[in-house]
Amino acid sequence: EESNSAIGDVALGVDVFLPAVFRRPVIANHIVHERVTVETTDHEDHTFCGIMFDVRCTDALPVEWLEISSIAVRGALGPMTVWTAPDTYRGKARSRSAWTRIYDREHEASQRRLVPLELAEPIKLP
């Protein structure tokens, strides 16, 4: 005797003989919230006016998009800005028109504790 679920699946065109693992949705129906901290070696023997790096999603896991809501920094701080450029920073260092400022605030010095720079609108990467 077939269950009502199996009859419903047949009516929807679902192959009831496929194991459930092969009938999973292609796109996630939930959001995973995860905070990632990347600690770098810090000998506290330098100063700099900025850093540039690319962030991208890889195909290693099925990710629909990645959202960045804050970046944390420490040090003498003061006036802090965060800028983005489409695709990559490479070749754009001296092209002001290629960049969009997404954060601009003054911060007190914080030599030991990381200070989050909370973005008003998160960066969403496909």
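Arg101 is partly exposed, because its relative accessible area is 44%. Here buried means under 20% relative accessible area, exposed means over 50%, and partly exposed lies in between (1.4 Å probe, protein chains only). Arg101 forms a salt bridge with Asp104, and their closest N and O atoms are 3.6 Å apart. A salt bridge is a side-chain nitrogen of Lys or Arg within 4 Å of a carboxyl oxygen of Asp or Glu. Asp104 is also partly exposed, with a relative accessible area of 47%.

This is a predicted model, so local features need pLDDT of at least 70 and side-chain atom pairs count only at pLDDT 80 or more, while totals for chains, interfaces and linings use all residues. Residues are numbered from 1 along each chain as its sequence is written, and side-chain values use heavy atoms, with hydrogens and water left out.

How far can the model be trusted? pLDDT is the predictor's confidence in each residue, from 0 to 100. The chain has a mean pLDDT of 80, and 71% of its residues reach 70 or more. Helix 1 (residues 4-11) has the lowest mean among the elements, 53. Strand 3 (residues 100-107) has the highest, 96. Where pLDDT is low, the predicted coordinates should not be read in detail.

Now the overall plan. The chain has 1 helix and 4 strands. From the N terminus, the order is α-β-β-β-β. Helices (H or I, at least four residues) and strands (E, at least two) are DSSP runs, numbered from the N terminus. Take the contacts between residues at least 6 apart in sequence: 63% of them join residues at least 24 apart. Contact means heavy atoms within 4.5 Å.

Next, the inside. Of the 126 residues in the chain, 13% are buried. The largest nonpolar core has 7 residues: Leu77, Met80, Val82, Tyr103, Val115, Leu117 and Leu119. Strand 4 (110-125) and strand 2 (78-84) each give two or more residues to this core. Strand 4 has the largest share, 3 residues. A nonpolar core is a set of buried Ala, Val, Leu, Ile, Met, Phe, Trp, Tyr and Cys residues joined through side-chain atoms within 4.5 Å.

Most residues other than glycine have a negative phi. Asp87 also has a positive phi, near 70°. Asp87 sits in the loop between strand 2 and strand 3, and is exposed at 81% relative accessibility.

Arg90 is in the loop between strand 2 and strand 3, and Asp54 in the loop between helix 1 and strand 1, so the pair ties together parts 36 residues apart in sequence. Arg90 is exposed, at 55%. Asp54 is partly exposed, at 32%.

Finally, Ile51 is found in the loop between helix 1 and strand 1 (66-75). Ile51 is exposed, with 59% relative accessibility.
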